[in-house]
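Hi,

Here is the structure I promised to send over.

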Amino acid sequence: MDRSILKIENLVCKAKTIWGETTLLDIPLLEMREGEILGIVGESGAGKSILAQTILKILPRNVRPTSGEIVFGGEDLLKKTEREMSQVIRGKEMAMIFQDPMASLNPVFTVQDQMETVLREHNPGLSGSALTAKAVEMLELVKLSDPQFTIKKYPHELSGGMRQRVLIATALCSGAKFLISDEATRALDVTIQAGILKLLERLRQKLGLSTLFISSNIALAASVCERIGLLYCGSIVELGPVESVLKNPGHFYTRMFLSCLPTPDKKGRPMPVPSMALSADSRGCPFVDFCPDAGSECKSDKPVLHEKTPGHYVVCVRGGVS
């Protein structure tokens, strides 16, 4: 049986706003296996980035987890101090790549300067030419052509795809085995996206890298992930193997999401995905006003986890659609 690398249980995350307290995340269960690429898909505002920030404990000051566990390496991250997270977890055990690499790379330093800074932090014994050689090795790992030339460049001298590969190489300099990709391919064209996806799969096979792949593009996530989860209003409404979720969706939100995908044989108009309205009131299903199968119990009862088929879960009061 595959070992678990990350397990989230009964996680609730809330934000204080001028209108009161609002629930941003409410996740009963989410588990990742070692060496897995797990996709989390949802529209803008669904809570995808908040989920990533909660795992790494880099939340805005007005946002805080109020209950639950995030177990990584056998330890609850929510009980870790900021010092433990910064010195032991972030960078060393977990790494994250963001949507815009120019916001993560310092424009006034070369690729070499930035990579060697990270390498020096995690490999105190390396210096001089050995440090540079290691940086070049990491660029070779992410399949950057002519790494000896690339390492001397500034971020603005590289293409978007090259910058994203530099970010991945830098993230792996620490030896992290868990990677969070937060919309990391969104700003890239489709050919560059395909290259980054192939790279993630190659790193999974070569290094055993586990990746939480966050995206608003379900087709993109399906092309690289083994399992996929749909996030709506901060809750995972469906989770399962990619083929099962795509061919036999159990939640009406998933069906609406899939209906928006362009296909050659599509007939009729896609079902509009409703806008989300987060509320401090956590009673009932957040999708109750938009689901044609909803009953009176959906307004009062909290959705529960149902196993539709082996490994395919639906969070629904009534057990999902048939």
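How many disulfides does a search of the whole structure find? The search finds zero, where a disulfide means a pair of cysteine sulfur atoms within 2.5 Å. For C13, the nearest cysteine sulfur belongs to C233 and is 14 Å away. For C285, the nearest is that of C298, at 6.4 Å. C13 is buried, with a relative accessible area of 0%, and C285 also counts as buried, at 15%. (Buried is under 20% relative accessible area, exposed is over 50%, and partly exposed is in between, using a 1.4 Å probe and protein chains only.)

Before you read on, a word on the source: this is a predicted model, so local features need pLDDT of at least 70 and side-chain atom pairs count only at pLDDT 80 or more, while totals for chains, interfaces and linings use all residues. Residues are numbered from 1 along each chain as its sequence is written, and side-chain values use heavy atoms, with hydrogens and water left out.

Now the cores. A nonpolar core here is a set of buried Ala, Val, Leu, Ile, Met, Phe, Trp, Tyr and Cys residues joined through side-chain atoms within 4.5 Å. The largest one has 60 residues, and M115, L139, I168, F213 and L230 have the most contacts inside it. Apart from it lies another core of 35 residues, including C13, L25, F178 and L212. As general background, nonpolar side chains in soluble globular proteins tend to be buried together.

L139 also belongs to helix α4 (residues 128–141). Helices are DSSP runs of H or I with at least four residues, strands are E runs of at least two, and both are numbered from the N terminus. The 14 residues of α4 reach 20 Å from first C-alpha to last, close to the 20 Å expected at 1.5 Å a residue (that is, 1.5 Å times one less than the number of residues). Its buried residues are L131, T132, A135, V136, M138, L139 and L141, and they pack against α3, α5, α6 and α7. Leaving out residues up to four places away in sequence, L139 touches V111, M115, L144, P147, I151, V166 and A169 (contact means heavy atoms within 4.5 Å). Just after α4, K143 takes a positive phi of about 60°.

Helix α1 (residues 48–56) is mostly covered, with seven of its nine residues buried. I50 and L51 are among them. Just after α1, K57 has a positive phi of about 60°.

On to the sheet: four strands form an open sheet in the order β2-β1-β4-β5, with antiparallel pairing. β2 (20–33) and β5 (75–76) stand at the edges with a single partner strand each, so one side of each has no neighbour in the sheet. Strands pair if DSSP finds at least two bridges between them, and two bridges join β4 (residues 63–72) to β5. F72 stands opposite E75 in β5.

S181, in strand β7 (residues 178–182), has a relative accessible area of 1%. Beyond its neighbours within four places in sequence, S181 contacts I97, T211, L212, F213 and I214. L209 sits in the loop between α7 and β8 and is also buried at 1%. Its C-alpha is 7.6 Å from that of E34, although the two are 175 residues apart in sequence. Contacts of L209 beyond four places in sequence include G35, E36, L172, F178 and L203.

Cheers
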